Amino acid sequence: MATGTIRYWAAAKEAAGTPEEAADAATLGDLLARIGRDPALERVLRRSSFLIDGAPAGTRDPATIMLPEGFVVEVLPPFAGG
C-alpha cells in the first residue's frame, strides 16, 4: 500500500469539500472505491478522468493501475468551456 495525495478540481473539489487530502491505496481502483463511498463524490468520479503523477490513466482498468509511494492523483471532472 502506498501513501500519497488526491487533488480535486472543479466539481470534484466541491463534492469532496476539500481541494486535496492524504490517502493510502495500492491501486487507483482501491483509491476510487474508498473515496467513492460518498454518494455526491461518487457521481462526479463516474464522469472524471484521472492523472497519476501527471500521466493520464486513460481507459485502463483502475484496478490494474498500481500507485507508487508518494503518488499524486488528480481528479479531473469534465470542464465546461466556451
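Two strands are said to pair if DSSP finds at least two bridges between them, and the strands themselves (E, at least two residues), like the helices (H or I, at least four residues), are DSSP runs numbered from the N terminus. The model described here is predicted, so that local features need pLDDT of at least 70 and side-chain atom pairs count only at pLDDT 80 or more, while totals for chains, interfaces and linings use all residues. Residues are numbered from 1 along each chain as its sequence is written, and side-chain values use heavy atoms, with hydrogens and water left out.

## The sheet

Five strands form an open sheet in the order S2-S1-S5-S3-S4, and the pairing within this sheet is mixed. Because S2 and S4 stand at the edges and each has a single partner strand, one side of each is left without a neighbour in the sheet. In general, strands of a sheet pair through backbone hydrogen bonds, either parallel or antiparallel.

Strand S5 runs parallel to S1, to which it is joined by four bridges, and Ile6 stands opposite Val73 of S5. Strand S5 also pairs with S3, in this case in the antiparallel sense and again over four bridges, with Val75 of S5 as the bridge partner of Phe50. Further along the order, S3 and S4 run antiparallel and are joined by two bridges; here Ile52 stands opposite Ala55 in S4.

How many of the five residues of S5 are buried? Buried means under 20% relative accessible area, exposed means over 50%, and partly exposed lies in between (1.4 Å probe, protein chains only). Five of the five residues of S5 are buried, so this strand is largely enclosed by the rest of the structure. Val72, Glu74 and Leu76 point one way from S5, whereas Val73 and Val75 point the other way.

## The nonpolar core

A nonpolar core is a set of buried Ala, Val, Leu, Ile, Met, Phe, Trp, Tyr and Cys residues joined through side-chain atoms within 4.5 Å. The largest such core has 21 residues, and those with the most contacts inside it are Leu28, Leu31, Phe50, Leu67 and Val73. Two or more residues each are given to this core by strand S1 (2-8), strand S2 (20-25), helix H2 (28-35), helix H3 (39-47), strand S3 (49-52) and strand S5 (72-76). The largest share, four residues, comes from H2.

Helix H2 lies across S1, S2, S3 and S5 and runs at about 125 degrees to S2, where axes are lines fitted to C-alpha atoms, for helices over the stretch in contact, and angles run from 0 to 180 degrees between N-to-C directions. Leaving aside its neighbours within four places in sequence, Leu28 is in contact (heavy atoms within 4.5 Å) with Phe50, Ile52, Ala57, Pro62, Ile65, Leu67 and Val73.

## Salt bridges

The structure holds three salt bridges, each a side-chain nitrogen of Lys or Arg within 4 Å of a carboxyl oxygen of Asp or Glu.

| Pair | Closest N and O atoms |
|---|---|
| Glu20 and Arg7 | 3.4 Å |
| Glu74 and Arg7 | 4.0 Å |
| Arg46 and Glu42 | 3.1 Å |

Glu74 is buried, with a relative accessible area of 15%, whereas Arg7 is partly exposed at 32% and Glu20 is partly exposed at 42%.

The remaining pair, Arg46 and Glu42, lies within helix H3, where the two residues are four residues apart, about one turn of the helix. Arg46 counts as exposed at 59% relative accessibility, while Glu42, at 28%, counts as partly exposed. Salt bridges that share partners join Arg7, Glu20 and Glu74 into one network.

## Thr64 in its loop

Thr64 has its place in the loop between strand S4 (55-56) and S5, and at 55% relative accessibility this residue counts as exposed. A polar atom of the Thr64 side chain lies 2.7 Å from the backbone oxygen of Asp61. The C-alpha atoms of Thr64 and Ser49 are separated by 16 Å, the two residues being 15 residues apart along the chain.

How values were computed
Polar contact = N/O pair within 3.5 Å; in protein donor to acceptor, adjacent residues only side chain to side chain.
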